[in-house]
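Subject: Structure handover

Hi,

Have a look at it first, then read on.

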Amino acid sequence: MRVAVISDVHANRVALDAVLDDMPDVDSILCAGDVVGYNPWPAECVAELRARDVPTVMGNHDRAVASDTTFRFNAMAAAGVKHAREKLDDDAMTWLSDLPDERTEFDGRVRLTHDHPRIQDKYTYPDEFEADFLDGEDVLVLGHTHVQDHRVFDEGIVMNPGSVGQPRDGDPRAAYAILDLDDLTVDERRVEYDIEAVVDAVTEAGLPERIGRRLYDGK
């Protein structure tokens, strides 16, 4: 069984389309949260995941949009929240609000959470991945840091597929991963996309220009 794992789409429809076009045949797609925030297309990205019935957990930007709060968000993040709330209709807001903080799939073999498995909103970078994060599942999927990597332990795999819509690991290409549940391997993938089109759309939407410019550097 092959599973595509995505995270941190952040309303970047251009990057999401590139990832979906690049994606090989898989049995399922999972999303580790932050579908919205920052970029100009929150409604389109929510609609795509809903149409594909992608099991998704709630990220901190999803939570901020659903609860209408930007507590401790910087100006770019706060602008993305405001933009999403203006663009999402009631059905999309209900879907976003109903996302769980954690979920398990494939008879408990895969667990998804957006951030640290025990501390909400804590960034957990790959050098901090630990075997004791695993709680009986074969694979724990994290997001939040926008840094693609995975670690293999005797107990299982801890992985972050990286960010589709706003990578922060120095590689500007959209990130995702293919998880093979038969042999427990992770294939980390990167995809080129039209960053200039996103930069132009950010400007047209009246969002802070740095949201787009930072995409060129993957930071």
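Which side chain does the side chain of glutamate 137 join in a polar contact of 2.9 Å? The partner is arginine 111. A polar contact here is a pair of N or O atoms within 3.5 Å; within protein, one must be able to donate a hydrogen and the other to accept it, and residues adjacent in sequence count only if both atoms are side-chain atoms.

Two notes on the source before I continue. This is a predicted model, in which local features need pLDDT of at least 70 and side-chain atom pairs count only at pLDDT 80 or more, while totals for chains, interfaces and linings use all residues. Residues are numbered from 1 along each chain as its sequence is written, and side-chain values use heavy atoms, with hydrogens and water left out.

Back to glutamate 137, which sits in the loop between strand E4 (110–113) and strand E5 (139–141). Helices (H or I, at least four residues) and strands (E, at least two) are DSSP runs, numbered from the N terminus. Glutamate 137 counts as buried because its relative accessibility is 4%; buried means under 20% relative accessible area, exposed over 50%, and partly exposed in between (1.4 Å probe, protein chains only). A polar atom of its side chain also lies 3.0 Å from the backbone nitrogen of aspartate 135. Leaving aside residues up to four places away in sequence, glutamate 137 touches Gly108, Arg109, Val110, Arg111 and Glu155, where contact means heavy atoms within 4.5 Å.

Arginine 190, in strand E9, is buried too, since its relative accessible area is 17%. Its side chain makes polar contacts with the side chains of aspartate 169 (2.8 Å) and glutamine 148 (3.4 Å).

Aspartate 183 belongs to the loop between strand E8 (174–180) and strand E9 (185–191). At 47% relative accessibility, aspartate 183 counts as partly exposed. Its side chain makes a polar contact of 2.8 Å with that of threonine 185.

Now to helix H4 (residues 75–87). Its 13 residues should span 18 Å at 1.5 Å a residue, and the end C-alpha atoms are 18 Å apart, so the two agree; the expected span is 1.5 Å times one less than the number of residues. Buried in H4 are Met76, Ala77, Gly80, Val81, His83 and Ala84. These residues cover an arc of only 165° around the axis, so they lie on the same side of H4; the arc is that of the directions from the helix axis to the C-beta atoms. Ala75, Lys82 and Glu86 are exposed on the other side of H4. The cover over the buried residues of H4 includes helix H2 (42–51), helix H3 (60–67) and helix H7 (209–213).

H2 has buried residues of its own: Pro42, Cys45, Val46 and Leu49. Their arc around the axis is only 100°, which puts them on the same side of H2. Just after H2, aspartate 53 takes a positive phi of about 55°.

Finally, the 22 residues that line the largest pocket include Asn60, Phe71, Arg72, Phe73 and Tyr123, which lie nearest its centre. On a 1 Å grid over the protein atoms alone, a pocket is an open set of points where a 1.4 Å probe fits, with protein on both sides within 12 Å along at least five of seven lines; lining residues have an atom within 4 Å of a point. H3 gives the largest share of that lining, 5 residues.

Best wishes
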